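Let's take a walk through this structure together, one contact and one residue at a time. Keep the 3D view open beside the text, so that you can turn to each place as it comes up.

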2 protein chains.
Amino acid sequence: MSENGTRRVGPASVKQQKWWGWGAEGIEFSFADKPKFAPFVMDVIGVDVTKPAPRVAALSTYDIPASQLTDGLRAALVEGIGEENVVDDDEYRVIHAFGRGVRDLVRVRRGEFGRLPDVVVYPGSEDDVATIVAAATAADAVVIPYGGGSNIVGALEAVPTETRQVISINMGRMNKVLDIDEASGLARIEAGVLGPDMEIQLNAKGWTLGHFPDSFMWSTLGGWIATRSSGMQSDKYGDIADITRGLRMVMDGQVLVLRPLPSSSSGPSVREMVLGSEGRLGIITEATVNVHRLPPVREIQAYFFPTYDAGLEAMTELAASDAAPSITRIMDAAETAFSMANGKKSSRVSHLMNRAVQEVMTRKGWDLEKIALGFIGYEGTPVHVRYEKGLVGKIISRNGGMSVGKGPGALYDQKKYDIPYIRDFLLDRGIPADVSETATPWRLLKTMHDKTVAAAYKAMEEAGVQGFVMCHLSHSYHSGACQYFTFAINDSTEHNMESYDRVKRAIQQSFMDNGGTVSHHHGVGEEHSPWLDQDISPAGVFIQRKLFEGVDPDQRFNPGKIIHEGLPGISSNSVQPG
Amino acid sequence: MSENGTRRVGPASVKQQKWWGWGAEGIEFSFADKPKFAPFVMDVIGVDVTKPAPRVAALSTYDIPASQLTDGLRAALVEGIGEENVVDDDEYRVIHAFGRGVRDLVRVRRGEFGRLPDVVVYPGSEDDVATIVAAATAADAVVIPYGGGSNIVGALEAVPTETRQVISINMGRMNKVLDIDEASGLARIEAGVLGPDMEIQLNAKGWTLGHFPDSFMWSTLGGWIATRSSGMQSDKYGDIADITRGLRMVMDGQVLVLRPLPSSSSGPSVREMVLGSEGRLGIITEATVNVHRLPPVREIQAYFFPTYDAGLEAMTELAASDAAPSITRIMDAAETAFSMANGKKSSRVSHLMNRAVQEVMTRKGWDLEKIALGFIGYEGTPVHVRYEKGLVGKIISRNGGMSVGKGPGALYDQKKYDIPYIRDFLLDRGIPADVSETATPWRLLKTMHDKTVAAAYKAMEEAGVQGFVMCHLSHSYHSGACQYFTFAINDSTEHNMESYDRVKRAIQQSFMDNGGTVSHHHGVGEEHSPWLDQDISPAGVFIQRKLFEGVDPDQRFNPGKIIHEGLPGISSNSVQPG
């Protein structure tokens, strides 16, 4: 029994998030050893988070729409993949109905379940997946692939008006590293493996994928590919689009097999059509991906800049230089302040801002309210790391930055997956918080930052709510970088999703107005779809639409995501462009 | 008047290749100062190239099918883009009917013109292109984009049975670098610019694209994008697929506009669908591409390895190391021998093999018949080049290689665009020669090389012709590299294309059987289409087909390329899988 009283079912080997929040039961954010956290939240959002939060009700108290699974489809699935792998327990249907975006959590906690899947299935092999798809086709059902469940763009839920049966395919049993080609640095890996389980298998043989998105603990290889994910060390290892060389995907009556190739000229890239397809073209079962030997040295160095703009200048110069660090990350003044407030009492981040460092900054004439903390990562042999640090150090100095050692970087490295737990902690206390990220050429980065922050605050003002926005640069490329915005609002009312929408919409529209993409690595799903024609132009949407219509004329594979094929109601729960 | 007596027409600013061969009139390969060349060819192919070659007949002596251009379409084109930009002169129609593959040259010289375009048009702007496409749609005509004309996979010719009017769109007037975003390292460039004209414009402002395919002199930005080109410095600058960030493409009634973005998660990549589309989705008019400051130092270092296999081992180790050179290129023993034979009397390549070097090699126990010459390129600040050379040098030594200085590399750099002229020289003398390239993971490189060479020689034996095959590795990636095969056969008979097909087919089939792609950077066109389902699987071909059918239901845009939509006759001139 879970703490909410629901019967545990489903294959025991498959890890499962809470139905009401991020991560496994029992793990929660605590500010007990972070004395500055509660005062900071009170200051910027106006909520006293030291008060106890209301408890989420047991799922058994909710009115859960019954499964519409027919006996015929159930029989076909049970015969095909075994009874233990076919689950229509309410808790599992609810868990698989959503990703873990803030809107998802608000809705599920309110019992706004939308169109729940009728059954959750757990294939153990590509053949199982093909069996499921064949059964779905025979029964005219819809299939939605499910990895770790961490999606935050609404890509895991069925169209609200869906009248056909809905099958959620949990890929969690397909979790093995099948083979490592050591000469080529390629690993063949099943799509359903969660980040940590994959790295354990790779590390055991001395290898790493080098792909560490913020969702790492609760996201899968297949999910990364389906959403064009990017990890925090993408500067060195590339986005998942670069990392993924070979692919297998189950389609209706056929299996796509793309062999691992370092590069190719074989027409429009089918590989790059599967990347970012969010389940619309088929079910990804396996990928062959670039893997690397664990580096002898891995170091994250912290730097302070007088301002975020100085940090942006440094990163722009870095991208054009001979240096090639593994991580580039600069926080704006707001995120720097948050980072300080989130430090443990005795932590090295706190020590950073001890009197000595403050005095140095003050002597330099820095405004302590405007300072920006940055992290640069280095990997390789000791000689290489030293060489790279030398190249980077000169550029940082030229742009007015100063090194403050390895301590804060090591701490960042430990805490990097904590943010979703903080998000849930805040939501429990009436503070919806979310993230939105975009990429732009270097020239537009500052404008994008300033206009987006301004747009978010303007939206909060219009909504009449107090709130907070912060941003960091991460994922540098030759021609530009990603900026990652996090925002939180003080609104615990029933209508707080309207306030949230207003802010989210303002941010997305700013991305479009200032030369950015709808998303750098979260995907389109349902949430960002309304802006897609502003990003890739109506002709780009036309091309994607024709691809989906042609490959999946019956709209069996995760319909309504990325592009709405005139499906009614798909956007009823989400934001629209202003 | 040209030397062949045809009237010169068309916009004077647009450079034009010979109708019967590679490059501009007046430039030809000569072995006058290369004493080893003729003996080498006699030895490996059995042809005395010192005998004068028969002269190609004047085009006026050929029977050229008349243009089927209707008065209506002509009037619409003339009104839309001006009379001087609408050309249906026979020579121009012949020039635009083919690329410059060996099969193209054999056919055109024999007067096997296939389905000549009915008119060649020269748009000066994106609006002009839209006007042409609208006129084509109104007249139910077909449009085929034409860049530098260097295509070698049959992508520029109309389907032989095409009954509609055929318009070849020469993009040569759209040849300007429009803008350089210096902060972002991005340049907005018109698609029709030839390599040298583009680099002149970029260099003048201190920038370079860093994209130098073998076809550089006679290929365009739009052509590179349409075929997924790769340049010899791709190790540093990336393939054109990496370099291309923003795009504009004229489609039927709409213009695709993809803004320059360093990376994005906006569904299946439309950018990567246009890349490699070979004219099937629309006419690319402009791209925004990564550009780099001209490096302070650029050096190509030559190395000798005891064998090609030792060179492959070194490159495999290099790819997994911290080193990041700009060029990696290793020639097998055959190509090394050819390279020596192609050296000038007094050149540094010849000096390489002077007695002193030979003595060192012999002392090392090397078999001089098996040695492999390699080039590694370095770019950056002097400090960076020194650092990289140090890293690479250790790896080369560990794998038994030895450095022989900068001389041969500098020479390679000067001669790198000569190969097509040698190809024409040989063809003039009854020796059809061609190239075929593939990419594979590192683990498969040696097998791919050995089996492909063996398959080619077996095919020559079966065809009863003497011939020669050589290969080099180029374009290294994390997980593998490209291998580029060049072959030549002694067959001046009327049926020499049958011998050629046998060899070409054997090579392509070996690519498929040994884990390679149909092409690393030449494209699919008409030539490689028969193998596409073995490369990307039938489901991959299905996906591409649905894309083309959906976006261009009338098959107006370069039909029959990449995938044959059941069009009769499209393959009549080309190879089929064995």
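This is a predicted model: local features need pLDDT of at least 70, side-chain atom pairs count only at pLDDT 80 or more; totals for chains, interfaces and linings use all residues.

The contact takes 78 residues from chain A and 78 residues from chain B. On the side of chain B that touches chain A, the elements giving two or more residues are strand E9 (255-258), helix H10 (270-274), helix H15 (382-398), strand E16 (433-441), strand E18 (480-489) and H20 of chain B. Which element gives the largest share of that side? H20(B) does, with 15 residues. Sorted by class, the side of chain B that touches chain A has 33 nonpolar, 33 polar and twelve charged residues.

Two packed helices are described by the angle between their axes and the distance between the axes. Helix H20 (residues 532-551) of chain A packs against helix H20 (residues 532-551) of chain B at an angle of about 125°, and their axes are 8 Å apart. Angles over 145 degrees would count as roughly antiparallel and those from 65 to 115 as roughly perpendicular, so H20(A) is oblique to H20(B). The crossing of these two helices, H20(A) and H20(B), is right-handed. From H20(A), the residues in the contact are Ile543(A), Lys546(A), Leu547(A), Glu549(A), Gly550(A) and Val551(A). They meet Ile543(B), Lys546(B), Leu547(B), Glu549(B), Gly550(B) and Val551(B) in H20(B). By class, that contact has six nonpolar, two polar and four charged residues.

Now let's turn to packing inside a chain, beginning with chain A. Helix H2 (residues 71-81) of chain A and helix H5 (residues 126-138) of chain A pack at about 165°, with their axes 9 Å apart. H2(A) and H5(A) are therefore roughly antiparallel to each other, and their crossing is right-handed. H2(A) brings Leu73(A), Ala76(A), Leu77(A), Gly80(A) and Ile81(A) to the contact, while H5(A) brings Asp128(A), Thr131(A), Ile132(A), Ala135(A) and Ala138(A). Counted by class, the contact of H2(A) with H5(A) has seven nonpolar residues, two polar and one charged.

In chain B, helix H11 (residues 308-319) and H15(B) have axes that come within 9 Å and cross at roughly 140°. H11(B) and H15(B) are therefore oblique to each other, and H11(B) passes H15(B) in a right-handed crossing. Ala314(B), Glu317(B) and Leu318(B) of H11(B) make the contact with Val392(B), Ile395(B) and Ile396(B) of H15(B). Here the classes are five nonpolar, no polar and one charged residues.

Helix H11 (residues 308-319) of chain A is worth a stop too. Its twelve residues should span 16 Å at 1.5 Å a residue, and its end C-alpha atoms are 16 Å apart, which agrees. Is H11(A) enclosed by the rest of the structure or exposed? Ten of its twelve residues are buried, so H11(A) is largely enclosed. Among the buried residues are Tyr308(A), Leu312(A), Glu313(A), Met315(A) and Thr316(A).

Let's finish with some single residues. His475(A), in strand E17 (residues 467-476) of chain A, has a phi near 60°, a positive value in a residue other than glycine. His475(A) counts as buried because it has 25 C-beta neighbours inside 10 Å. Over in chain B, Glu278(B) also has a positive phi, near 50°. Glu278(B) sits in the loop between H10 and strand E10 (283-290) of chain B, and with 28 C-beta neighbours inside 10 Å it counts as buried.

Our last stop is Leu69(A), in the loop between helix H1 (37-45) and H2 of chain A. Leu69(A) is buried, with 20 other C-beta atoms within 10 Å. Leaving aside residues up to four places away in sequence, Leu69(A) touches Arg74(A), Asp88(A), Asp118(A), Val119(A) and Gln165(A).

Key. Residues are numbered from 1 along each chain as its sequence is written. Chains are lettered from A and ligands numbered from 1 in the order in which they are written. Axes are lines fitted to C-alpha atoms, for helices over the stretch in contact, and angles run from 0 to 180 degrees between N-to-C directions. Helices (H or I, at least four residues) and strands (E, at least two) are DSSP runs, numbered from the N terminus. Angles under 35 degrees count as roughly parallel, over 145 as roughly antiparallel, 65 to 115 as roughly perpendicular and the rest as oblique. A crossing is left-handed if the near helix is turned anticlockwise from the far one by less than a right angle, and right-handed if clockwise. Two residues are in contact if their C-beta atoms, placed from the backbone, lie within 7 Å. Ala, Val, Leu, Ile, Met, Phe, Trp, Tyr, Cys and Pro count as nonpolar, Asp, Glu, Lys and Arg as charged, and the others, Gly among them, as polar. The expected span of a helix is 1.5 Å times one less than its number of residues.
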